[in-house]
Every structure is written in structure tokens, then in C-alpha cells.
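Welcome! Open your viewer, get ready to select residues by number, and follow along one stop at a time.

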Amino acid sequence: MQGFDILLPTVLLLATGFVVILLARVMKISPVVGFIIAGLFLGPYGLGLIQDTHTTHVLAELGVVFLLFDIGLHFSMKSAWSLRRDLFGLAPLQVLLCALILGFSMSFVFGVSAPLAMLCGLALALSSTAVVMQILADLKQTESPVGSSAKAILIFQDLAAIFLLIFADSIGTDIDLTIAIPLTLGKTVLAFFAALILGQYILTPLLRAMTRYNDPEMFTVLGLLIVMMTGLATASAGLSLALGAFLAGMVLAETPFRTLLQTELRPFRGLLMALFFISIGMIVNPVDIANNILTVLALAVLLIAAKGAIIGALVYILGNPLHRVIQLIFMLAQGSEFALVVFAMPPVQNALGFALTEQLIAAVAISMLTAPFLGLIGYRWSLRVAGRFSGRISNEPSEDKS
């Protein structure tokens, strides 16, 4: 019976994944929505067939780790420089303005203190890397200009999330942020240069040596080892697992083995990401949402509308075409998995109160649930706008230069 208890959740997860992907392909929608809904029904607040355990959290976090590694493989040093305007201009401005406006809204509506309001604003300013990357993949836009801008913004947000977690952990404690944040920043810079040295002098020669054997299984095992070891190294330094995986992917993107690593590790990333989305659905309590439906929906609408307006204004001011502005508005307006982590932390729950944190978690989860639909709406709307403007340009009479 012990083996049955262990295998039942695994079988349910695999069966759920298969059914969701099949239905998503038939209905031509993103499987992300199906995974979240499946987690809601199968989780502790639904039928209770899958429990929200530490193992589930670890596997879901590994999904984000592999996702960041894959993003790193698409984000070489050359592409980082080519996207410097988005990475070092648009992304910081977006996070700062969203944090200020959403934080002020939290302070004005719920009367929370200034530090807590800023914490909430920063958490809500982040977008879901997992959701957005899945939307880009579904729309086949990962390598498009929209996809490149979205990835630049998401990468900055993921780096900012490291410092956000330190801020959240300091709530109600004696942690000195003037020491903790610069120390973490220094560790991040050291991790970056350590990854460059490791990639150039150890990983690249090792991968080149492995190609002699022409053994895909050996490459798969080595790829898994690289992801886990780099994540473990940064985690042991007080940073995050995902940061190490991203740095490893970014370094290996400069090598000839990028495509091979992507191919070999894609099944692991897909499986773990499915579990991540299911885990998001498992934390949503339908009863609490129903009891506070107006507050939760108002928070979700405020989050999506405020972020969308700020992102759209910034992208447009920086000179992007209107069709790209529309897509980025709808694609990045949802909440983030990091916001869920922050609001679930005991110091934050104690400071905000359990009822408010539960409503915030529900609002963020709803925004993530609606994100694939919003992404599709934005994509179709952007196509109409692009077609309309291209038609106007083609119909304009050419000037007579004679």
C-alpha cells in the first residue's frame, strides 16, 4: 500500500498532463490554463487527490530552474548587448513605476504601512516568466522582436526578484537591508564572472570532449548535471537556484552545443513546467475566492490594468511600433510566481494579515490564469493593427521627385 500511495499522485499528474495537452491541442488554446484548472480540482482545495507537499514545491521550483536555463541558452552576451535598451532601460523603469503605483494603491486602499506597500508593489510589478515564455512558444514568437523584448524584461525581473525575497524576509526582523542588498549584488556579480570562467575553461572543453562518443544519453546526463550543479552553487551562496541555471545557459549559449542541449533537456523542462502550473492551481482556494469575489476580482483587474497601462506607455515612449506595444501590454500584465512566493512567506502573512494575503494570492493566480487568453487577444489585435498600418503605407502615393 505504501508503493500505491507514492505512485498514485505521480500517475494522476502524468494522466492529467496528457489529457490537458490533448485537449489544448484539440481546442487550440494554451495548455497553461488547463494545468492551472487541473491543479485547482485535484489539489487540497478540490478533490484532494494531490497534496501540496514539500516534494511538489521542489519539483515545481525545478521547472522554473530549467526554464531559466533554457532562457539563458537563448540569451547570449551578444543578444544581451543588442537588447540593452530593453534590459537596462525599459525593464528597470517598468518595475519601478509599477511598484510605486501599485504600492501606493495598496497603501491607499488597505492602509498598509509604507515598507509593506512597497514590498507588495514590487511583488506585483513582476510578470510570470513561466507563463509568458509558454505564450511565446504557443504563438511561435520566441525569437521575434516581441519575444526578445519580453525576455529582456523578464530576465531583469527575475534578477530583481532575488533582492525582493531578501526584502520580504526582512519584514518584522532585524535584518539590515543596507548590508544585505549590496552583499547580494556583489555575490551576483561574482557568480556572473565565475560562470564565464567556468564555461570557457571547463564546460566548453568538457562538452567538446563528449562529442567524440556521439552518445545523446551522455549529453543529456551532463546537461542535467550542469543545470543542477550551477543552481546548487548559487543557492549555497545565498542566491537562487534559477540564477545559477540562467547563468549556465547564458554561458553555454556562446558554444556550438546550444541547440543540442536545448533538444536534450526540453522534455524535462516541459514535464516540470507542467507540474509548476498545476502547483499554481493547487494553492487557489475556490471557497475563499467565492467569499471575497468582488475584492479578488477588483485586485486582479487593478493589477492587469495598471501594469498594462504602464508597460504600454513605456514601450510606446521608447519608440516601438504600435503592434508591438499592444502585444507586450497583454503579454506582461499578469502577476508572477515570485509574488505567490512572497505573499506566502510567514513574515509577510503576519504583517499583512492572512485574509489580505490570501486575496492577493488569489488575484495573482487569476491574472496568471487569464494570461494565455489575454496573450492571444493581444496577438490577434496586433496583427490587425500591423495589417492596417502596412495597408496605409502601401496605399500612400509616392512623391514625385522629378
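Is Phe330 buried or exposed? Select Phe330 to begin: in this predicted model, Phe330 is buried, because its relative accessible area is 18%, and the cut-off for buried is under 20%.

**Stop 1**

Trp381 has a relative accessible area of 44%, so it is partly exposed.

**Stop 2**

The structure has three aromatic pairs. Phe104 and Phe108 are both exposed.

**Stop 3: α5 against α14**

Now show the whole of α5 together with helix α14 (residues 293-317). Their axes come within 10 Å and cross at roughly 150°. The crossing of α5 past α14 is right-handed. To look at the contact, select residues of α5 including Leu90, Leu93, Leu97, Ile101 and Phe110. On the α14 side, the residues they meet include Leu299, Leu303, Ala306, Ile310 and Leu314. Sorted by class, this contact has 15 nonpolar, three polar and one charged residues. Which residues of α14 in the contact can you colour next? Lys307 and Thr295 are among them.

**Stop 4: α2 against α12**

Finally, select helix α2 (residues 31-42) and helix α12 (residues 258-282). The axes of these helices come within 6 Å and cross at roughly 50°. That angle makes α2 oblique to α12. The crossing of α2 past α12 is right-handed. Show the side chains where the helices touch: Val32, Phe35, Ile36, Gly39 and Leu40 from α2 meet Ala274, Phe277, Ile278, Gly281 and Met282 from α12. How many charged residues does the contact of α2 with α12 have? There are no charged residues here, and the contact has eight nonpolar and two polar ones.

Definitions and conventions:
Residues numbered from 1 in each chain as written. Predicted model: local features only at pLDDT ≥ 70, side-chain atom pairs only at ≥ 80, totals over all residues. Heavy atoms only, no water. Phe/Tyr/Trp six-rings, centres within 6.5 Å; stacked < 30°, edge-to-face > 60°. Buried < 20%, exposed > 50% of the residue type's maximum accessible area, 1.4 Å probe, protein only. Axes fitted to C-alpha atoms, helices over the stretch in contact; angles between N-to-C directions. Helix = DSSP H or I, 4+ residues; strand = E, 2+ residues; numbered from the N terminus. Left-handed = near helix turned anticlockwise from the far one by under 90°. Contact = heavy atoms within 4.5 Å. Nonpolar A, V, L, I, M, F, W, Y, C, P; charged D, E, K, R; others polar. Parallel < 35°, antiparallel > 145°, perpendicular 65-115°, else oblique.
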